[in-house]
Amino acid sequence: MTFRDFENCVFLSDMDGTLTPSRQVMTPQFEKDFNELITGAYFYIVTGSDIEKIKEQIPENIMKKVTGIFASMGNEFYVNGKRISKNEFVPEESLIKKLEDYVKNTRYLYPLYPNHIEKRCGMVNFCVVGRECSLEERFRYQAWDNENKERESIASELSNIYPQYSFEIGGAISIDIVPNGFGKVQVADKLREMHPTKKIIFFGDRTEKGGNDYEIAKRLLELGNSEIVKVQEPNDVLEYLRK
């Protein structure tokens with residue numbers, strides 16, 4: 001892709017599983033190559049993580065290099081480390097109680113860890129195994145959930161009880177909960193307003209229905225002049241940029 005191509009495009013990318021391994025630090029080699037490849041480009045990041053978690057995974061020089069960061073499912077927007085905008089969301093107690101019951105009644109027989117219900121700006125992140133689990137435990141729960149579909153079952157049930165909210169399977173072990181319209185999907189409209197004539201190219205690893213990249217991918221296609229690039233790992237992003 002030439003610099004002239006970059007001038008006519010805007011890139012938007014998920015973080016976990018797309019720019020970094022899930023909940024892990026961006027690798028040094030990826031950082032080096034990515035830093036070179038996005039020079040001169042409009043490049044934004046969108047993720048369910050809050051800004052502190054993003055800082056744990058994205059190197060400081062990349063944080064400064066990208067055009068902007070949509071954190072907490074797009075409910076916070078940062079440019080050069082400064083928060084430009086934010087949305088608020090206070091979930092009702094009945095929803096919190098329901099989430100607590102899922103943790104108590106899980107069929108997952110391995111140890112559970114703290115931080116099951118994490119309230120972030122404009123959203124709630126729910127995790128049965130607990131966000132403070134080790135990387136090994138994260139992989140174990142992910143494998144178990146892939147077979148037993150616990151998150152899928154929870155998201156489906158909650159969608160029927162609370163139709164005013166969106167329950168999206170996020171990352172490897174959690175569910176992202178937002179009021180309808182305040183998930184990643186909102187970023188599609190915001191980005192189109194910011195760049196009305198440029199082609200938007202979106203990178204995501206969970207663009208399938210039910211994944212937390214699905215709604216934003218669908219909305220971008222509805223808005224037009226957009227391309228969805230489904231990736232399996234971060235190197236897929238680099239390969240596309242090198243084309």
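Q: Which residues of helix 2 are buried?
A: This is a predicted model. In helix 2, residues 28-37, the buried ones are Phe30, Asp33 and Phe34.

Q: How wide an arc do they cover around the axis?
A: Only 100 degrees, which puts them on the same side of helix 2.

Q: And what do the buried residues of helix 2 pack against?
A: Three elements: strand 2 (42-46), helix 4 (60-65) and helix 10 (234-242).

Q: Switching to helix 6. How many residues does it have, and how far does it reach?
A: Helix 6 spans residues 135-148, so 14 residues by the DSSP run. From first C-alpha to last it reaches 20 Å. That is close to the 20 Å expected at 1.5 Å a residue.

Q: Which of its residues are buried?
A: Glu137, Arg138, Tyr141, Trp144 and Asp145 are the buried residues of helix 6. They cover an arc of only 135 degrees around the axis, which puts them on the same side of the helix.

Q: What do they pack against?
A: Helix 7, residues 150-161.

Q: Which exposed residues are on the face turned away?
A: Glu136 and Glu147. That face of helix 6 points away from the buried side.

Q: What about the backbone just after helix 6?
A: Lys149 comes there, with a positive phi of about 60 degrees.

Q: How does the lining divide into nonpolar, polar and charged?
A: Three nonpolar, twelve polar and eleven charged residues.

Q: Last topic: Asn225. Where does it lie?
A: In the loop between helix 9 (214-223) and strand 11 (226-230).

Q: What does Asn225 touch?
A: Leaving out residues up to four places away in sequence, Asn225 touches Arg192, Thr197, Lys198, Lys199 and Ile200.

Q: How far apart are Asn225 and Ile200, in sequence and in space?
A: They are 25 residues apart in sequence. In space, the C-alpha to C-alpha distance between Asn225 and Ile200 is 6.6 Å.

Notes
Residues are numbered from 1 along each chain as its sequence is written. This is a predicted model: local features need pLDDT of at least 70, side-chain atom pairs count only at pLDDT 80 or more; totals for chains, interfaces and linings use all residues. Side-chain values use heavy atoms; hydrogens and water are left out. Helices (H or I, at least four residues) and strands (E, at least two) are DSSP runs, numbered from the N terminus. The expected span of a helix is 1.5 Å times one less than its number of residues. Buried means under 20% relative accessible area, exposed over 50%, partly exposed in between (1.4 Å probe, protein chains only). The arc is that of the directions from the helix axis to the C-beta atoms. Contact means heavy atoms within 4.5 Å. Ala, Val, Leu, Ile, Met, Phe, Trp, Tyr, Cys and Pro count as nonpolar, Asp, Glu, Lys and Arg as charged, and the others, Gly among them, as polar.
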